Amino acid sequence: MGGRAAVAEQDVGRAAAPRRPDRKSQLARIAADLFCERGYYTVGLGEIATEAGITGPAIYRHFRNKQAILAYAARDLSAALEGLAREVAGRHGSPWQRLEGAVLEVARLVVERRRGVRLYQWERRYLEPADHAGFTAAIRSLVEELAAVLGRARPRLPAADLSTLAAAALSAIASLGTHRTQVSARAAEEALCGLAMGVLAASLPPRLAAGPATAPREPEPGEFASRRERLLVSALRPFREHGFHGVTMEELGAAAGIGGSSVYRHFASKAELLAAVYYRAADRLAATVNAATEGAGDPGEALRGLVDAYVGFTFLHSDLAAVYLSEYENLPAEDRHTLRKVQREHVEQWVRLVTAVNGKARGAHARLAVHAALNIVHDFSMSRRRLADPEQVKPLVFAALAS
C-alpha cells in the first residue's frame, strides 16, 4: 500500500471527504514522497513534474527551484501537525478518550501521507535554518499537547516521562512510512492506534543518570587503527549531517586527517566508501545480535537479548545507525541488493521471535509492531536531544511489540 491508492482506500465510507489540495500542495506532497523514497539530491524537477502529470517547465509556475519545493512540503506537513496539536488541545471527554481520538487522527494523517512522512526524519536536514526550526517546532508542539493530555490520564508521572511516552507513541505511528508492509488503510489505522496506546500506557524506570544532553559522537578508533578504519569512522558524521551528495571525498579525507588524493588509495569512490560503511554496520550489528541471542533457552529470552543488543548498539553507534538507515538509495546497485536482503533478514528475526512470544501478533500486524519498535529505537537514539536513556527505551520497545 502507498501513495494515492492508500488515500483513495482510506476515504471510502467516510462521512466527508477532505478538501482537495491545490496544485501547489499536490506538487509539494508528490515531491516529499519522491525525496523520502529516493533522496533529495537524486530527484529532479522533471521527475516531480512527470509524477504530477505536467510538463517540466510548468512546475516553474509554482516553484522557482527544488529547494523551494522542499521548504513548501515541510511547511505543508508542519501545518498539518499544528492542526493536529490544536485538535488534541480542543478535544473533549475523558483523558484516555481524548488520547485515543488524538492518536487515531495522527494515524490517519500518516496513512494518508505514508510515502512522504519520513520527511520528519531525514530530508529536513536540507532545509534552510528558518524552515528547519519551524518544522521542529511543529513536531514538538504535537508532542507537548499529547503529553499534556497524558498528564491528566496519568497525573503521577514526571513531566519528562510524559514527553518521552508521547514522542514514542508518535514515533510508533510514523513508522508506517519506514517500510512497505502491505496493509489496508483501515487496518493500518487501527493497528497504529493500538500500538500508540500501548506505548502511552507503558511504565518507565527512573533515568539512570543525567547523561549527555545531546547524542555522543561515534567512538574514536584506537591509536593504532589503520587509515582505512579512521576514514570509515570519520565519514559517519559528515554523511549523517550533510548527506551523501553534500560532501566530497576530499572533505571526508580531511575529516580523517588524510589529505589530497591519498584517500583514493583506500576507496576508489565515495560510493565504495559508503558501501564499506554499510557492510561494517551490518557485520557489527549481526555479531552483536548473535552474541546476545545464541545462548537463549526460549523465544522470550532471545527476544529480550535482541532488544538489549539492538538498543545498546544504536545508542552507542548512533552516527553509524543513522547513515545505515538514511543513505541506502546512494549505494551501488549490487551492494544495495545484497544489503537489502541483510536488512530484511534482520526484520524477519524480530518478527519470528515476536510471533513466537506473542501468538496473537501474526503476519502484517507483527511486522507493523516490529517496525514501530525499531522506529522508536531509531528516533530516540539518533535524536540530537536525548529524551531518554537506553534503559527507558527498552520498555517502550516491549510495549510496542506487545500491542
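Ala58 is found in the loop between helix H3 (45-52) and helix H4 (66-90); helices are DSSP runs of H or I with at least four residues, strands are runs of E with at least two, and both are numbered from the N terminus. With a relative accessible area of 10%, Ala58 is buried, a class that means under 20%, while exposed means over 50% and partly exposed lies in between (1.4 Å probe, protein chains only). The C-alpha atoms of Ala58 and Gly46 are separated by 9.9 Å, and the two residues are 12 apart along the chain.

This is a predicted model, in which local features need pLDDT of at least 70 and side-chain atom pairs count only at pLDDT 80 or more, whereas totals for chains, interfaces and linings use all residues. Residues are numbered from 1 along each chain as its sequence is written, and side-chain values use heavy atoms, with hydrogens and water left out.

**The chain as a whole**

- The chain has 17 helices and zero strands.
- Of the 403 residues in the chain, 52% are buried.
- Contact means heavy atoms within 4.5 Å; among contacts between residues at least 6 apart in sequence, 76% join residues at least 24 apart.

**Two individual residues**

- Glu145 has its place in helix H6 (residues 129-153) and counts as partly exposed, at 26% relative accessibility.
- Glu145 touches Ala85, Val88 and Ala89, leaving aside residues up to four places away in sequence.
- Glu145 and Glu87 are 58 residues apart in sequence, yet 9.3 Å apart in space, C-alpha to C-alpha.
- Arg240 lies in helix H10 (residues 236-242) and is buried, with a relative accessible area of 7%.
- Not counting residues up to four places away in sequence, Arg240 touches Arg125, Ser318, Asp319, Ala322, Val323, Met382 and Arg384.

**Helix H12 with helix H14**

- Helix H12 (residues 270-293) and helix H14 (residues 318-326) pack at an angle of about 115°, and their axes are 10 Å apart; axes are lines fitted to C-alpha atoms over the stretch in contact, and angles run from 0 to 180 degrees between N-to-C directions.
- From H12 the contact takes Leu274, Val277, Tyr278, Arg280, Ala281 and Ala282, and from H14 it takes Leu320, Val323, Tyr324, Leu325 and Ser326.
- The contact of H12 with H14 has nine nonpolar, one polar and one charged residues; Ala, Val, Leu, Ile, Met, Phe, Trp, Tyr, Cys and Pro count as nonpolar, Asp, Glu, Lys and Arg as charged, and the others, Gly among them, as polar.

**Helix H17 and its surroundings**

- H17 has 13 residues and reaches 19 Å from its first C-alpha to its last, close to the 18 Å expected at 1.5 Å a residue; the expected span is 1.5 Å times one less than the number of residues.
- The axes of helix H8 (residues 185-200) and helix H17 (residues 390-402) come within 8 Å and cross at roughly 140°.
- Leu195, Gly198 and Val199 in H8 meet Leu396, Ala399 and Ala400 in H17, a set of five nonpolar, one polar and no charged residues.
- The buried residues of H17 include Gln392, Lys394 and Leu401.
- Cover for the buried residues of H17 includes helix H7 (159-174), H8, helix H13 (299-316), helix H15 (333-357) and helix H16 (363-382).
- H7 is itself mostly covered, with 13 of its 16 residues buried.
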